[in-house]
Amino acid sequence: MCRKRLFSLLILAFGLFLKSFSAIAQTEENTAMAAEEQVEVAGEEEKEEGINITELVFGHVSDSHEWHLFSLHGEHGHETEVALPLPVIVYRPTVGFSIFPYNRFHGNWYLDEFGNKISEVSYKGLYVEKNMKEKIRADNGDVVYDFSITKNVLSMIISVVIILMLMTSAAKKYKTASIQAPKGFQNALESAIIFIRDEVAKPNLGHKYLKFMPMLLTMFFFIWVNNLLGLLPGGANFTGNIAVTLCLSLISFIIMIAKANKHFWGHLLNPPGVPLGIKFLLVPIEIISMFIKPVALTIRLFANILAGHIVILCVVSMIFIFGALGKVAGIGFIPVSLAFSVFMFVLELLVAAIQAFIFTNLTAVFIGQAIEEGHGHEHEAHHAPDEIIL
Amino acid sequence: MDLLTPELGLFFWTLVAFLTLFFILRKFAWGPILQSLGEREKGIADSIATAERVRAEMSQLQSENEKLMAKAIEERTIMLREAKEMKDRMINEAKEQAKVEANKIIADAQLQITQQKNAALTEVKNEIGNLAVEVASRILRKELSAADGQDAYNKMLTEDITLN
């Protein structure tokens, strides 16, 4: 237990160190790059400011094939990127799978006519195109399916490991002493579980709630832990990625569709007590609203987390924006910027939990609507409520 | 906008990881946790219900006790009253009886006294008679030795008879 605590503390400390380091390093890199570009392309105002906030911010919030730690700022504007290269796994229909570490692309970059950064090095017929996102493209223009273990994927794997460790260790205590009063972490976990059960599952799902509890709990803790990991300095913006939120909301949508009963479909496709003319209007709206639910879920979580990250990054960057105006202005702005970012971090801690709760709650609401039975025959179909199916 | 286009790879890995996490947790964590949570809650609810029931029983018992007590007190009062009544009655009866007895004794005594008196009187009469006869015989013996005496005696006897 003690070792675990120490371990987590170490991770935290390391992360904090990295964050401060990498933020500064990144900015210096950008400054240096901007300075270089300033020599080449004069006249653009933003470049003259000496900092490219857009690139900095989007570099941080978007996925990457390497875990960037910091840049070493050498002499003559030369810098060395210190980053953990992650495995690239790509599938091309013609070639098949190719797996190799990302640092095979190590080398210089040039700008193409669309403003994309292209890697000069090409490996196994592949090159990297960087703009807001890093994309791996084939030299011959083939379709490339990228299944790489990116920064987000790695962060997610870490979160999965953390959740598994926490939950299975807590579950062990229940197996050995189920009737005893909970203590320690078990207590904290239990209040979260009971919260989900009593505030989310029971009000929305009725007597069938136990079936959906494992799904809702997994969803809640998966989103929450990943939100929190994303807040760690140096962490990945996992839940602020639309692919992730889309995946999660599709899962909840599929459960909703799979569990929907006759009553739900009946009301959806043939609303009772509605004149025929209105039905032609109502049914398409109902169908559209059914598909809008997962879209809303996707965008809500994605936008909330992404916005939080962007705001924190912008607040931190303000130091460097003002620093570019003058050294004194930059140093003078540090307390303001720190206060803002601390405030935003605290707010984001709250948002992390709230968004996890909202996602879970809305999933429960949607499933609840789908499995709701007609008011006349509520007492039918009393399955054994103890069985846990989904 | 690039940020709004989901990447296939991340989508795929998220799906895999989430489903793996879900299946593992369902089997090894949520199942046991939810089950023992339910059991514990049921146990607590049962305990509370039992305690409530016991308390109700206790209070019922207590009220019953109080009722019994009150009844006992009442009975005691009744018994005391009855005992007192009985005592009074017994005393009165005894008095009556004693009076009757005394009267009877007195009557007996009087009767006996009368009888005794009569007996004594009779005895005295007899004695006196005997004495008189004795005296008379003695006198007669002495008087009858003379003729006058016999006549006088006869006369006296006839007088005596008429006297009777």
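Biologist: In this predicted model, which residues have the most contacts inside the largest nonpolar core?

Modeller: They are A:Ala201, A:Phe212, A:Met213, A:Leu216, A:Phe220 and A:Ile367, and the core to which they belong has 66 residues.

Biologist: What makes such a set a nonpolar core?

Modeller: Its members must be buried residues of kinds such as Ala, Leu, Met, Phe and Ile, joined through C-beta atoms within 7 Å. The helices that each supply at least two residues of this core are α4, α5, α6, α7, α9 and α10 of chain A together with α1 of chain B, and the largest share, 16 residues, comes from α6(A).

Biologist: Which residues are in contact with A:Leu216, leaving aside its neighbours within four places in sequence?

Modeller: A:Leu216 is then in contact with A:Ile196, A:Val200, A:Ala201, A:Thr360, A:Thr363 and A:Ala364. A second, separate core has ten residues, including A:Val88, A:Val90, A:Val128 and A:Ile136.

Biologist: How many residues of chain B are in contact with chain A, and what kinds of residue are they?

Modeller: There are 32 residues of chain B in contact with 43 residues of chain A, and the chain B side divides into 22 nonpolar, five polar and five charged residues.

Biologist: Why is B:Thr162 called exposed?

Modeller: A residue counts as exposed if 12 or fewer other C-beta atoms lie within 10 Å of its own, and B:Thr162 has 7 such neighbours, so B:Thr162 is exposed. B:Thr162 lies in helix α2 of chain B, residues 147-163, and its C-alpha atom is separated by 178 Å from that of B:Thr5, 157 residues apart along the chain.

Definitions and conventions: Residues numbered from 1 in each chain as written. Chains lettered and ligands numbered in written order. Predicted model: local features only at pLDDT ≥ 70, side-chain atom pairs only at ≥ 80, totals over all residues. Contact = placed C-beta atoms within 7 Å. Nonpolar A, V, L, I, M, F, W, Y, C, P; charged D, E, K, R; others polar. Buried ≥ 20, exposed ≤ 12 C-beta atoms within 10 Å, placed from the backbone. Helix = DSSP H or I, 4+ residues; strand = E, 2+ residues; numbered from the N terminus.
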